[in-house]
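Subject: Structure handover

Dear colleague,

Here is the structure for your files. My notes on what was found in it follow below.

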Amino acid sequence: MVSISHLTQVELDRQFRAVRIDDDGVQDLAARLVVVFVIGIVLWRSTDQILMLIWGVTYVALNLVFWKVVSQEVEPITAKRLRLALSWSVFISSWYAGMVVYVASIGDGDYLILAACGTVGAALHTLSTNDKFSYSALIDLCTTVVAGIGVLLAAVSAVASFWGSVATLFGGACVIGYFCIAVRQVLNDREMLQNRYEADVQDQKMRALGQLSSGIAHDFNNLLAVVSMNIELAKVANEKPEREKFLDHAYTAAESGAELIKQMMAYVRQSDLRVTEVNVPALMERLLSMLPRLLPARIDLGVDVAPDCTVQCDPDMLESALLNLVINARDAIGDRPGRIDISVGVDHATSMVVIKVCDSGPGMDSKTLAKACEPYFSTKDVGHGSGLGLSMVKGFAEQSGGKLTLANRPVGGLDVRLYLPAPPPGSR
């Protein structure tokens, strides 16, 4: 193991986090201190040795002071502070192991089982609080081994026969040795699993970034091709109306590019939202006037809007989000006859306004449901959707202080719920 003075800052931070593991596991620390304190009292009453009570009280006090010191947020972690924390940890561990050995030696083996329990407790602590090799793990390992050897020697001395002593010594030494091997194996396995998990997370991030970059590049290439082509055509056009037509096409493509940027900003929750109080029934009335042009005659539309529903959000983004949800529901139904139900009401569990869009389509399997809100993920054929619709709606909802949920309906189809915050009481 590298000496403390040669550790990098990253390694210093890691080693210090390993030392202060009890700071992150307060319940474990509290339980351990209570057990030791109670055992100290019981041993004091049963042996009439005040040393037992002093041991229990001192152990609790040392741990509380240690916890207070290492829990202080001081950055950066220095080699000096790490040495101090490790020294304190060694002192507490020695205090514990010394008393375990002493308890094993008193009487005629009356407390051997109790001392063995103390050793087992130290072993469990070593295995449960360390996930890789560190100075702290080495201290815990040494504490358990020292306590185990002390209890083993006390047990050997309590055995009357020679061969009984030999058998006890051999069996105990094997157990201690196996424990050391097991600790090494467990920590190696945990470190390997942690490294694999971090590699998988990084791989998923890179795949998502690649998918996002590829989708953005593809869309922008298409838009730029339309802009440049129409500008070139406008240059060679002889008639003014013809030039204006090509320039209008270029302008429309540029507006599509701006809309794409807006959708991406909504996904990453960086949109410049124009937050205001939106009367949802009035917005739904405007939306319903557009829906007949979007929905074919084979799809029935049901609308149930509670009166006086008001939300706090960007009205344009809300309208765009609802159009996206209705279009998705339409595409999910496909060429079959179907139904889309839109309802607006107050969800009393969250005190938010919830807008539900349900369709009678096939729904989604679990894998598709998990990825549905990822950017550029789409189940539609190429050219029939950018894959940004649900990701934009999700980003808009979260930036507005709400959320988006997707679930399959028991009767078939998808249940999409957009939760948005209501204005504060007394704001109207």
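The side chains of Arg 330 and Asp 331 form a salt bridge, with 3.1 Å from N to O; the term stands for a side-chain nitrogen of Lys or Arg within 4 Å of a carboxyl oxygen of Asp or Glu. Arg 330 is partly exposed at 22% relative accessible area, and Asp 331 is partly exposed at 31%. On this scale buried is under 20% relative accessible area, exposed is over 50%, and partly exposed lies in between (1.4 Å probe, protein chains only).

Before the rest, the basis of these notes. This is a predicted model, in which local features need pLDDT of at least 70 and side-chain atom pairs count only at pLDDT 80 or more, while totals for chains, interfaces and linings use all residues. Residues are numbered from 1 along each chain as its sequence is written, and side-chain values use heavy atoms, with hydrogens and water left out.

Salt bridges

The count of salt bridges is seven. One of them joins Asp 335 and Arg 298 at 3.8 Å, N to O. Asp 335 sits in the loop between α11 (315-333) and β4 (338-347), and Arg 298 in the loop between α10 (280-294) and β2 (299-305), so this pair ties together parts 37 residues apart in sequence. Asp 335 is exposed, at 72% relative accessibility, and Arg 298 is partly exposed, at 34%. Asp 341 and Arg 339 also pair through their side chains, at 2.9 Å from N to O. Asp 341 is partly exposed at 25%, as is Arg 339 at 37%.

Nonpolar patch

Helix α3 (residues 26-47) contributes most to the patch, with five residues. Val 38 belongs to this helix and is partly exposed, at 43% relative accessible area.

Whole chain

The chain has 13 helices and seven strands, taken as DSSP runs numbered from the N terminus (helices H or I, at least four residues; strands E, at least two). Of its 428 residues, 39% are buried.

Regards
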